[in-house]
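Keep the model open while you read, and look up each place as it comes along.

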Amino acid sequence: MQRHSTALFLAVGILVLAAISVFVGVISLRPETVFHDRDALGLVLDSRLPRTFATLIAGAALAVCGMIMQMLVRNRFVEPMTAGTGQGAALGILVVTLFLPGASIFVKMSLATATALVSSLGFLLIVRRLPPSQPLLVPLVAILYGGIIGAGVTFVAYQADMLQFIDTWLNGDFSGVMRGRYELLWIAAVVAALTYLIADQFAIVGLGREASVNLGLNYDQVMILGLLAVSVVSALTVITVGAIPFVGLIVPNIISRRCGDNLRATLPLTALCGAMLVLSSDIVGRIVRYPFEIPVGTILGVLGAGVFLWLLYSGPKHAR
Amino acid sequence: MRARSTLICAMLLALSCVLFMTLGAKGNWDFVLWFRGRKLAALLIVGAAVSTATVLFQTISRNHILTPSIMGFDALYTLIVALVVFSIGAAGFNHLPSEFVFFAHISLLIGAALILFGTLIGQHRTDLMRMVLTGIIFGVLFRSLSSFIYRMIDPSEFATIQVNSYARFNYIDLNLLWISAGLTFVTLSLSWQMRRQLDVLGLGFEMATNLGEPVARRQKQALILVAILVAVSTALVGPVAFLGLLVVSIARLISPNETHAVLIPLSALIAGIVLVAGQTILERVLGLSTPLAVVIDFVGGFVFLTLLLRKGWI
């Protein structure tokens, strides 16, 4: 019952925030003018609505991916954007931009997905060799692994004088979102929604390999499907708006603390909560230094670091 | 065997120094020697400081894959610069005497290090991991706060921050060089005097206590030395993240014998070689523009992962 009321609360909150998001921006806009002023309508359709959708989709999809990744790795302190997946995607985009400058967006997308997939596979292989008695070792390795790939990206970019481009992929920011430039994100939304079909299987994978096989699950297949979903969503997010840290970390942790690990029931909540978090951070980023903007990644970095520390020190209830 | 590897390293270091000073030098020798000599001195000081700090830190934390600088030190440094520029403006910042800025940095960094690492003392292993994670997350927090401040200030003032927040070996203030040389020398000789006590600590804390060594006090002393060394090198050239880990791991590979009397000088020599030869190769031979720090981060990160996977968690 509590779950339903939480979902209702989140949904209402998102609707209110989305309405605010449509009317916050440099050009002032009043609700009553939208319907008879063509300029105002154009503004809403071209910029404000796409931006709102992009924040909602990115937030929801990344939170869902974070939850899946945590199930696959069996560790609560991991998320795709710091564990090499996001950096892998940036590496892919960089390589395409360098060697195939005229490539279509789909070539870019598939290559970025491929590199993201490879680097998350690498991470999984490393994690498998770590002793299970040291849960805090996994996030440490994740951060360093992401850092190594990130340093590789920086090196290539420095040589090719593309440091500035890299910056736009590594630091998420919604200020460039317009109609016609963010539609790829809808694919991420579809992928994230599709994971719901096998949500219960991800929950079983989270019990470990032996338990899953005993329960008759095709462990490797679910593992690969999960990695694929995580990589696609990460790559698309990095291409369209840039890496957004911490959503995939904080939201799944809070949800699983409050509502448990039955993914079929909690995955929708995770999506709603992620969407709400990113949308509100984006609105805050737009208001704090009006008329300039602070990227959502920065706001989330400050918020997320605080929440992470709280998770780390607030006792081993579910966090381990 | 030990003497020989130290000797070989010393010769290699001398060779790289000579190459660094002479390779591709054109024109007025006075200028070349003066200009490059200053850089060389900074590289050597930083190498010795960072490697010794890492050796001490690994000994007092009983762990061979830790280094003080993955724990958010560099980020704190950048945040301090950003905060100062934000509160008093770029003009004010540039008017401050550089010695004052230097000492303010050092004392702030030492304070932060003692608070951050101080909690590490006397705790067991899980807590050590938690400690490291805390450090890294603080690093993320500091970095986000700095970039938050970057957004709040003028672009022209941002230029001041940018100049001050990357590892820079190309321009080094002469006064600061003297001050850091002095500080490093004092700290290094203090560490050298502690070498036998450190060997005892390396046997394990229970064993050290049995042998009559005041473990907690020794750890605190070493921690203060580490803080000073890291602060000096960060304040002099900016952050170099994985250098310490890289060189100390190489030193341990070359000479698995672990008395500090060998380890400290050997890692300092290797650090010198990595920095000086690396800079020479990168600048003169390959003609690359990428900063050395990026390459060291990349290679050092790999070394870290291989160590972790090969030996498991110690």
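**Notes on the two chains**

1. Let's begin with a helix pair. A:Ala18, A:Ser21 and A:Val22 in H1(A) meet A:Val44, A:Arg48, A:Leu49 and A:Thr52 in H2(A). Two residues are "in contact" here if their C-beta atoms, placed from the backbone, lie within 7 Å. By class, the residues of this contact are four nonpolar, two polar and one charged. For the classes, Ala, Val, Leu, Ile, Met, Phe, Trp, Tyr, Cys and Pro count as nonpolar, Asp, Glu, Lys and Arg as charged, and the others, Gly among them, as polar.

2. A word on what you're looking at. This is a predicted model, in which local features need pLDDT of at least 70 and side-chain atom pairs count only at pLDDT 80 or more, while totals for chains, interfaces and linings use all residues. Residues are numbered from 1 along each chain as its sequence is written, and chains are lettered from A and ligands numbered from 1 in the order in which they are written.

3. Back to that pair: how do the helices cross? The axes of helix H1 (residues 2–23) of chain A and H2(A) come within 9 Å and cross at roughly 140 degrees. Axes are lines fitted to C-alpha atoms, for helices over the stretch in contact, and angles run from 0 to 180 degrees between N-to-C directions. The crossing of H1(A) and H2(A) is right-handed (a crossing is left-handed if the near helix is turned anticlockwise from the far one by less than a right angle, and right-handed if clockwise).

4. Now zoom out to chain A. It has 13 helices and zero strands; helices (H or I, at least four residues) and strands (E, at least two) are DSSP runs, numbered from the N terminus. The radius of gyration of chain A is 19 Å, close to the 20 Å that the globule rule gives for 320 residues, so chain A is as compact as a globular protein of that length. That radius is taken over C-alpha atoms, and the globule rule is 2.2 Å times the number of residues to the power 0.38. The C-alpha atoms of chain A fill a box of roughly 65 × 55 × 35 Å along the principal axes.

5. Of the 320 residues of chain A, 50% count as buried. A residue is buried if 20 or more other C-beta atoms lie within 10 Å of its own, exposed if 12 or fewer, and partly exposed in between, with C-beta atoms placed from the backbone. Contacts in chain A with a separation of 6 or more come to 78% from residues 24 or more positions apart.

6. (The expected span is 1.5 Å times one less than the number of residues.) Its buried residues include A:Val247, A:Leu249 and A:Pro252. Where do the buried residues of H11(A) pack? They sit against helix H2 (38–73), helix H12 (263–288) and helix H13 (296–313) of chain A.

7. Some backbone angles deserve a look. Most residues other than glycine have a negative phi. A:Phe246, in the loop between helix H10 (219–240) and H11 of chain A, has a positive phi of about 75 degrees although it is not a glycine. With 28 C-beta neighbours inside 10 Å, A:Phe246 counts as buried. Phi of A:Arg74 is also positive, near 60 degrees; A:Arg74 lies in the loop between H2 and helix H3 (85–99) of chain A. Is A:Arg74 buried or partly exposed? Partly exposed, because A:Arg74 has 16 C-beta neighbours inside 10 Å.

8. Over to chain B, with 13 helices and zero strands. Buried residues make up 46% of its 314 residues. One of them is B:Ile270, with 24 other C-beta atoms within 10 Å, found in helix H12 (residues 260–285) of chain B. Beyond its neighbours within four places in sequence, B:Ile270 is in contact with B:Cys9, B:Val247, B:Ile250 and B:Ala251.

9. Last, where the chains touch. The contact takes 32 residues from chain B and 30 residues from chain A. On the chain B side, H5(B) gives the most, with 17 residues. By class, that side has 20 nonpolar, eight polar and four charged residues.
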